[in-house]
Structure formats: C-alpha cells, structure tokens
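Here are my notes on the model, point by point. Please read them with the coordinates open.

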Amino acid sequence: MTTRSDIRAALRQQRIETPSWAFGNSGTRFKVFPQPGVARDPYEKVADAAAVHRFTGVAPSVALHIPWDRVDDYSDLAKHAAGLGVQIGAINPNVFQEPEYRLGSVCNPDPAVRRKATAHLVECVEVAKATGSSALSLWFADGTNYPGQDDIRARQDRLAEALATTYAAMPPGMTMLLEYKLFEPSFYTMDVPDWGTSLVHCLALGDAAKVLVDTGHHAPGTNIEFIVANLLRLGRLGGFHFNSRFYADDDLMVGAADPFQLFRIMNEIVAAGALAADSGVAFMLDQCHNIEPKVQAEIRSVVHVQEATAKALLVDREALEAAQASGDVLGAYEVVIDAFNTDVRPLLAEVREDMGLAPDPIGAYARSGYYESVVAERVGGTQAGWGA
Ligand code: PSV
Ligand code: MN
C-alpha cells in the first residue's frame, strides 16, 4: 500500500526539466513582443532556469537548443550551471532554420544538405559530452507540402541513415530521443509525424533510442495516455515535451488547457512506476511564453505538473485493480476521478516545506525581487529570442 509518506517522497524526488528557449523572447508569426529583463545569452537563460529550480526544488536541469545556445566553451557553461545549482539537460540540435533546409535537413533530396545536417547532429553529441548531458533530443521540421514533391519512402531511408550515423557517434549512457509532430512546418507530409514512425526508427537503432512525446503534437482528440501506456510497455518512452494546446502546437503552459489530460498521462506514468528519476523517462517542458512573464510561467508550469503527479499518486491502485478485476466500471472510474478531484495543494505545500522551500513558489518568487533585479540588470545588448 502506498502511504502518504511514500507519496511525499515521490514528489520530492520528481524531476522536471525547463527549456532554455522559454526564457527568450518568442511570439507567433505575427509578432514577437519583447519583454523587460529577458535573458540575452545562454548564461542568463541558465540563470533563469536556476531561479525556477530555487523556488520549486524539482527543476534541476535546463535543455539547450543548438545553435540558439551556442557558446565558445560548453564546459564553462556547464560550470556556470553547476555554480547556480542546476545542470545542462537534453541537447536539441536545430536543423530547421538555415536556408539550405528549405526542402528538409536529414531527408533533403540533396546529399550535401543531408551531410551538413547530420554533421550538426554529431556535433551536438559532442556538445552533450562537453556539458555532461546524457540526452540528445531530435526533432525534424522535415516534410513536404505537395503530393509528388518528393519520394516518401526515400525520405525515410535518408532519415534512417542520418539517425544511424548519429546513434553510432553517441557514447554509452547517452539516450537519443526522437520527437514526432503531426504537421507544421510541413503540411502534406512530415517525415516523423507520429509515434509509430518514431518507434520504427528507434527499434532499428537500438535500446538507447526512444520516442519523445510532445503533448502539443497530436491531432485534436488523440488519446495521448494510450500512446504513453504503449510506449511504456515496450520500454521505449524516452520522455515528454510538456505544454498545452487549445488548437494546434500552441506551446502554452502545461496543464492550463486540459489539467485532466495531464493527470491521465501522469496516471499512466505512476501506474507503470516510471516517475522516478532513474526510470529513464525525461519530463521536460517545451513552451513559449509570448505574452506572460517567462520565469513565473515556468514556475507555474512546474506546479501544474506537480499537481497532476500528486493526484496520480493518490489513485488507490489496489481499489482500482479490484474494481477492474470484478468488472466494476463505475467503481474503477470513481477511484480515478476521486484522485483527480482531490485538492493536492496542501500536500504539495507540505512537500515543499519538507524540502526547505516556501510552500507557495509563485508567491515566494514574486517576493524575492528576482524579476525586478533582472529587469534592472539586463540593460543593453540583444535579448535572446527565437533564433538566438
Ligand atoms: C517543434 O515544434 C518543437 O516541439 C521541438 O521540440 C523544437 O525543438 C521546439 O518545438 C522548439 O522549436
Ligand atoms: Mn517539442
């Protein structure tokens, strides 16, 4: 039986990674609204990530996007992170913003472009080594816009080849995460549109290749927890990019649009025993805060994941199993919905106090003056933004 102290321990040990790009300016294709105090370089982004960790206690790593976060000395960036109490998380190669990539990167019909893109993936393995990261997180904007534009099967072959070269360059202990996305920027075909395509490539590569589920990358109505349960069963769930969406890939704060969905996902995680940091599943945020203050929005998002997790931990597994075994449809549902309807804020406040933190991270952050200090300090220079 899971006791309240087991639940508190699980919540104390939870790990949620923040994305460096959440701390830069972002927007839609209509407008990027700059915000005061926004980080100007990877060092300041890491400092913002460290602020999120200071107030939540469960966000000790920050993902990088290369070349947005290119620096001269990656071990120095890792040292800077360690000095602030965090570490570098997943390394995300960016092969979607250079003119050569108009027709794709690793799936491009031109072998020279494919070579350039693959070289960048391999370079990012080196970045991961230099920063002490153990995850290479791949997402490809590759695809086509019109029927006949390119050969669908040939593009899969090209993808497989680039992935195999990159996989071979990884040291033992490194995981390759392969993220899928239904559409955007390509509208007719994406080369990795769904978990099936990602899984097929991962299976061909080996045990260190796993599927990454970005919660914003599905058709409306997709049952994401079903995907999660299946990948867990196969040992191929590499992790999440959490965010929430009302329409497409909105990249809004996780849990804001559909807290019940987030709970259902975390329920599968808890049921499979995949919450622990050593489970091999990475819980990462992938969000853009276009109109809201960024550090606070990341703290709010971490809190949302914690709340969904606490509710999932409260599901009475024994009662659920008994109801399932006896075919008690409504009894089983009630066990699940009871947990979802529990106010877990007092439990999380206790967990934070156990950890020596303020019970209300958002209030504590507001009172800390961090926002005012970065607004005052980060004057001049160029703010980081989508593309830098
Ligand atoms: C693509 O939409 C994505 O989800 C990928 O994870 C990228 O790395 C990230 O957003 C930032 O563009
Ligand atoms: Mn993503």
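1. The model is predicted. In it, an oxygen atom of ligand 1 is 3.0 Å from a side-chain N or O atom of Asp214. For Asp249, a polar side-chain atom lies 3.0 Å from an oxygen atom of the ligand.

2. On its own, ligand 1 has 310 Å² of accessible area, and the protein covers 95% of that. The ligand sits in the largest pocket.

3. Then the shell. There are 13 residues around ligand 1. His65, Glu179, Lys181, Asp214 and Asp286 come nearest. By class, the shell holds five nonpolar, three polar and five charged residues.

4. Which residues coordinate the manganese ion (ligand 2)? They are Glu179 through OE, Asp214 through OD, His241 through ND1 and Asp286 through OD. The distances run from 2.1 to 2.2 Å.

5. The geometry can be classified. The manganese ion (ligand 2) has six donor atoms, with angles of 72 to 171° among them, and its site is octahedral.

6. Along the sequence, the donor residues of the manganese ion (ligand 2) follow the pattern E-x34-D-x26-H-x44-D.

7. Finally, look at the two sites together. Glu179, Asp214 and Asp286 are among the residues that come nearest to ligand 1, and these three also coordinate the manganese ion (ligand 2).

Terms used: Residues are numbered from 1 along each chain as its sequence is written. Chains are lettered from A and ligands numbered from 1 in the order in which they are written. This is a predicted model: local features need pLDDT of at least 70, side-chain atom pairs count only at pLDDT 80 or more; totals for chains, interfaces and linings use all residues. Side-chain values use heavy atoms; hydrogens and water are left out. A residue is near a molecule or strand if one of its heavy atoms lies within 4 Å of it. A polar contact is a pair of N or O atoms within 3.5 Å; within protein, one must be able to donate a hydrogen and the other to accept it, and residues adjacent in sequence count only if both atoms are side-chain atoms. Accessible areas come from the Shrake-Rupley method with a 1.4 Å probe; for residues, only the protein chains shown count as cover. On a 1 Å grid over the protein atoms alone, a cavity is a set of points where a 1.4 Å probe fits but cannot get out, and a pocket is an open set with protein on both sides within 12 Å along at least five of seven lines; lining residues have an atom within 4 Å of a point. A molecule sits in a cavity or pocket if more than half of its atoms lie within 2 Å of its grid points. Ala, Val, Leu, Ile, Met, Phe, Trp, Tyr, Cys and Pro count as nonpolar, Asp, Glu, Lys and Arg as charged, and the others, Gly among them, as polar. Donors are N, O and S atoms within 2.8 Å of the metal (3.2 Å for Na, K and Ca); water is not among the atoms, so sites may look incomplete. Four donors count as tetrahedral if all angles lie between 85 and 135 degrees; four count as square planar and six as octahedral if opposite donors are over 155 degrees apart and all others between 65 and 115; anything else is irregular.
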